[in-house]
Amino acid sequence: MKKTKQLFAGLILMAFGLGTAQAAYTLNLMRGVTKVSNDLYDLHMLILWVCVFIGIGVFGTMFYSIYHHRKSKGHKAEQFHENTAVEIAWTIIPTLILIGMAIPATKAMIELDNVQESDMSIKVTGHQWKWEYEYLDNGIHFFSNLDEGSNKVRQVGSGLDPRSVPNYLLNVDKPLVIPTKKKIRFVFTSADVIHSWWVPDLGWKKDTNPGFINESWTSVDEPGTYRGQCTELCGKDHAFMPIVVIAMNEPEYNAWVEQQKAAAAAEAGSAGKEWTKEDLVAKGKAVYETNCASCHMPDGAGLPGTFPALTASPVVTGDINAQVKLVSEGKGMMPAFGKVLSAVDFAAVVTYTRNGLGNSVGDAIQPLAIQALQSGIPVAGKNE
Amino acid sequence: MSAVVAEHDDHHDHGPAKGLLRWVITTNHKDIGTLYLLFALAMFFVGGAMAMVIRAELFEPGMQFVNPQFFNSMTTMHALVMVFGAVMPAFVGLANWMIPMMIGAPDMALPRMNNMSFWLLVAGVLLLASTLFMEGGAPASGWTLYPPLVLQTGKALPFAIFSVHLLGISSIMGAINIIATIFNMRAPGMTLMKMPMFVWTWLITAFLLIAIMPVFAGAVTMLLTDKFFATSFFDAAGGGDPVLYQHIFWFFGHPEVYVMILPTFGVASTIIPVFARKPLFGYSSMVHATAAIAFLSFIVWAHHMFTVGMPIAGELYFMYATMLIAIPTGVKVFNWTATMWKGSMTFETPMLFSIAFVVLFTMGGFTGLMMSVAPADFQYHDTYFIVAHFHYTLVPASIFILMAAGYFWLPKWTGHMYDERIGKLHFWLSVISVNVLFFPQHFLGLAGMPRRIPDYAVQFADWNMISSIGGFIFGASQLLFLYIVIHTIKGGTGEKVTSEVWEDAAKHSLEWTLPSPPPYHTFTTPPTVIPTEHI
Ligand code: HEM
Ligand SMILES: [Cu+2]
Ligand SMILES: [Cu+2]
């Protein structure tokens with residue numbers, strides 16, 4: 001019943017070409033919130049109108065002809081098949097139109113390309129399937145995953161209603177926060193395959209290539225929350241690594257920075273204390289669900305032939321240090337988590353896999369031990 | 001109208017071999033053309049079934065039917081099967097049937113190679129299809145096969161690569177054959193500038209194929225050695241560059257899309273004059289525009305890579321070069337319109353499909369022009385906008401023209417008339433549903449929906465549902481075409497078709513001077529009168 005209604009609504013919509021009940025839904029490109037995105041919008045409208053105008057001319061002529069020059073109306077075919085003047089005209093005029101388009105396009109391209117004189121820099125690293133953000137000026141560093149609500153709903157056959165989650169598939173656990181009215185330079189790279197970082201409101205997307213650095217920039221005038229997605233096919237969960245950017249006025253932004261620094265210090269402190277196995281398992285479950293479940297499945301059963309099961313896996317039930325090494329360094333399609341997870345999260349998830357998911361090895365590893373190990377690990381993001 | 005059922009030398013007189021073996025060992029251009037066309041039709045339904053899986057999963061937000069990995073395999077295999085299994089072989093099939101008959105030749109220049117290129121095609125496509133059943137699944141990195149992602153393919157990778165090699169060899173052999181035939185086997189008086197447009201466009205396409213297929217084969221071979229033989233062409237850790245692959249791929253890939261559209265142009269230029277009862281407007285400018293498009297297609301490849309991080313000079317160069325393509329493409333559209341102008345038109349099914357082609361292909365051209373503007377493409381790229389673009393240039397363009405060709409020549413091939421009523425029904429269902437299917441995808445892309453995703457944010461739900469409905473109707477409508485083909489082969493309406501089939505068609509091209517169906521061997525003695533109405 002619900003479906004029929006939706007369908008009906010959809011058909012009516014189509015008939016009238018109206019916007020939908022879903023807020024913020026557009027048929028056209030969005031203007032966005034930066035000068036560049038506005039310039040691109042104008043450029044887009046210019047070309048669109050040029051096309052509409054030419055289309056009306058060509059299709060109008062064609063349909064006039066189809067209506068009048070038909071045999072059933074007794075129209076006799078004329079036998080002309082050349083007209084030099086007309087042919088020159090329809091070569092020259094389009095050329096002029098193209099030049100007219102190329103000029104504003106060139107200007108916009110140059111503007112888009114100018115990353116000089118930025119106020120701050122953020123390094124964005126694509127991972128299968130999450131984003132890593134590193135503020136190069138103040139050292140803030142975190143990962144941004146699909147939010148938990150969307151993640152539950154998007155499992156195959158979850159039976160949950162996507163409409164019950166606010167911003168389904170466009171929400172993350174930890175958004176990128178930027179100050180308004182500052183020129184922010186982004187540098188992009190990838191830890192594994194190529195991804196592409198796109199927030200439509202900022203006006204551009206940029207690929208993240210493993211082993212190479214790309215650059216782009218933005219400057220947002222109004223505070224707000226802007227959402228986007230990965231746009232380069234990057235494997236199975238390509239659809240599930242959204243981007244959320246929150247632009248804040250300078251004072252709030254500064255407060256956020258302080259808060260992040262404090263949280264990082266607290267996290268580092270907690271790695272120093274002794275954890276109980278139960279606490280590690282409890283924390284590890286959440287870490288598992290964001291980082292591991294997409295391949296090894298929420299219940300640890302894996303995907304036969306592609307991703308091994310963790311339940312009863314010889315590695316997980318074997319020597320704990322061997323497991324730590326594997327998780328830390330990765331193997332084949334399995335990413336290296338050594339520098340991706342904090343010491344606490346790392347210890348927690350390893351302990352969880354050994355004591356959850358149907359396993360009961362009974363041992364645990366302490367964050368301190370992981371910390372010691374991590375100080376010896378080469379930097380993440382290497383290719384392979 | 002010369003007598004063309006040429007007398008054979010009797011020691012040489014033979015019809016087809018008997019039984020199934022006829023189709024395995026045949027070197028007859030008509031038989032091989034039929035094999036190609038039927039194989040392409042079958043693959044059209046296989047690729048179409050995959051598209052139905054895709055549209056079913058996208059019918060509603062949420063993951064209902066397939067897991068994301070399989071979804072990615074479906075988009076990848078759908079594209080590969082449609083491009084290499086359906087559209088390209090269908091045009092080769094048309095070339096086999098029509099080129100010898102259009103230029104007054106008895107057969108293709110290299111008949112044994114002709115047989116071999118067909119069977120290599122079958123082997124290649126079967127090998128590709130077999131990857132669906134391999135451990136780790138079929139390739140799921142998109143038809144572009146970008147590394148490093150493609151290197152994560154399971155057991156299927158080397159098989160997929162080998163299948164590309166087979167398909168490449170098959171295409172190159174087909175192309176050589178077409179060039180050899182056109183250059184060596186034209187009837188006396190059939191000068192190059194008297195050849196039907198379909199022959200011209202295929203000649204140019206064949207050169208494109210010879211130039212690009214080895215490039216693609218090279219690119220995938222580099223993938224193979226990167227994966228198994230410790231090279232690092234595309235791996236930064238070993239001094240390579242993943243973006244290098246994209247440059248090589250698109251050096252192949254952009255001309256490749258023209259391989260699928262140039263013969264389309266040729267068929268449209270053949271059909272429209274017949275039903276407008278007028279010569280083609282601007283024959284020589286059509287030839288030159290085709291050549292210009294083919295040339296330009298080699299120097300615009302990186303318009304697929306505007307967001308990959310090129311220097312500004314590269315962005316601007318590829319933008320200007322791509323914009324230039326709009327000029328010869330525009331010339332073609334204007335020429336078709338001028339061909340209809342002041343004609344005496346009738347609207348049989350082939351003409352309907354051809355007119356729809358001109359209109360809807362032009363829409364695809366418009367979005368192409370929009371995307372050629374590099375900065376704007378920073379928004380459009382890898383969204384549903386581009387999905388809409390290339391489907392407009394492929395489905396209601398290449399596929400519609402293949403349908404038009406089917407209706408246009410089936411009576412010639414079989415000697416039976418198809419049922420015009422069902423043909424028209426097929427046309428109207430197709431033309432409406434194809435727009436319901438693809439037009440909303442422009443909106444989705446502009447509103448921010450990325451391509452190649454199995455699930456999406458709820459604000460995209462309405463248009464996706466509409467698009468899926470269009471897709472299901474379009475898919476189902478094609479069964480009508482299958483029915484018509486079978487029905488026509490089996491006798492059609494029963495009406496006796498003349499050798500001309502369409503009014504005054506023989507003034508346009510040689511095949512209409514032959515009986516319908518044409519005998520197994522035709523033009524064993526060359527025709528003496530060369531039609532020139534199409535010029
Ligand atoms: C006026 C002519 C055309 C222009 C200016 C044009 C321009 C473009 C541009 C700029 C792109 C890249 C868009 C992006 O990735 O963001 C593109 C993609 C594409 N075009 Fe066209 N195009 C034209 C005609 C055609 C034709 C005739 C075909 C096929 C028959 C075609 C098939 C494709 C395909 C398949 C893609 C997407 C490939 C992929 O990424 O998978 N285009 N076109
Ligand atoms: Cu992605
Ligand atoms: Cu292209």
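Modeller: Happy to. Donors here are N, O and S atoms within 2.8 Å of the metal (3.2 Å for Na, K and Ca), and sites may look incomplete because water is not among the atoms. This is a predicted model: local features need pLDDT of at least 70, side-chain atom pairs count only at pLDDT 80 or more, and totals for chains, interfaces and linings use all residues. Residues are numbered from 1 along each chain, chains are lettered from A and ligands numbered from 1 as written, and side-chain values use heavy atoms, leaving out hydrogens and water.

Let us start with the two metals. The iron atom of ligand 1 and the copper ion, which is ligand 3, sit 4.5 Å apart. On the iron side, B:His389 is the only protein donor, and its NE2 atom is placed at 2.2 Å. You will find B:His389 in helix H12 of chain B, spanning residues 384–414; helices are DSSP runs of H or I with at least four residues, strands are E runs of at least two, and both are numbered from the N terminus.

On the copper side, three histidines of chain B take part: B:His254 through ND1, and B:His303 and B:His304 through NE2, at 1.8 to 2.1 Å. Along the chain, these copper donors follow the spacing H-x48-H-H. B:His254 belongs to helix H7 of chain B, whereas B:His303 lies in the loop between helix H8 (283–296) and helix H9 (312–340) of chain B, so this pair ties together parts that are 49 residues apart in sequence.

Now look around ligand 1. It has 21 residues around it, and B:Trp143, B:Asp377, B:His381, B:His389 and B:Arg451 come nearest, where being near means having a heavy atom within 4 Å. Three helices of chain B, namely H7 (242–276), H10 (349–372) and H12, each supply at least two residues of this shell.

B:Trp143 has a side-chain N or O atom 2.9 Å from an oxygen atom of ligand 1. For B:His381, a polar side-chain atom is 2.8 Å from an oxygen atom of that ligand. B:His389, the iron donor, also has a polar side-chain atom 2.9 Å from a nitrogen atom of ligand 1.

The unreviewed UniProt entry places "domain: Cytochrome oxidase subunit II copper A binding" at residues 117–259 of chain A, a range that is 11% helix and 40% strand in the model. The end C-alpha atoms of this range are 27 Å apart.

One open sheet of chain A has five strands in the order S3-S2-S1-S5-S8, with mixed pairing; two strands pair if DSSP finds at least two bridges between them. Strands S3 (141–144) and S8 (214–218) of chain A stand at the edges with a single partner strand each, so one side of each has no neighbour in the sheet. S3(A) and S2(A), the latter covering residues 130–135, pair in the antiparallel sense over four bridges, and A:Tyr133 stands opposite A:Phe142 in S3(A).

Another open sheet of five strands in chain A runs S4-S10-S9-S6-S7, also with mixed pairing. S4 (176–179) and S7 (204–208) of chain A are its edge strands, each pairing on one side only. S4(A) pairs with S10(A), residues 243–248, in the parallel sense over four bridges, and A:Pro179 has A:Met248 as its bridge partner in S10(A). S9(A) and S10(A) run antiparallel and are joined by five bridges, with A:Arg227 opposite A:Val244 in S10(A).

Finally, the unreviewed UniProt entry lists "domain: Cytochrome c" for residues 279–357 of chain A. This range is 56% helix and 0% strand, and its end C-alpha atoms are 16 Å apart.

How values were computed. UniProt positions renumbered as here; feature names shortened; annotations may be inferred. Polar contact = N/O pair within 3.5 Å; in protein donor to acceptor, adjacent residues only side chain to side chain.
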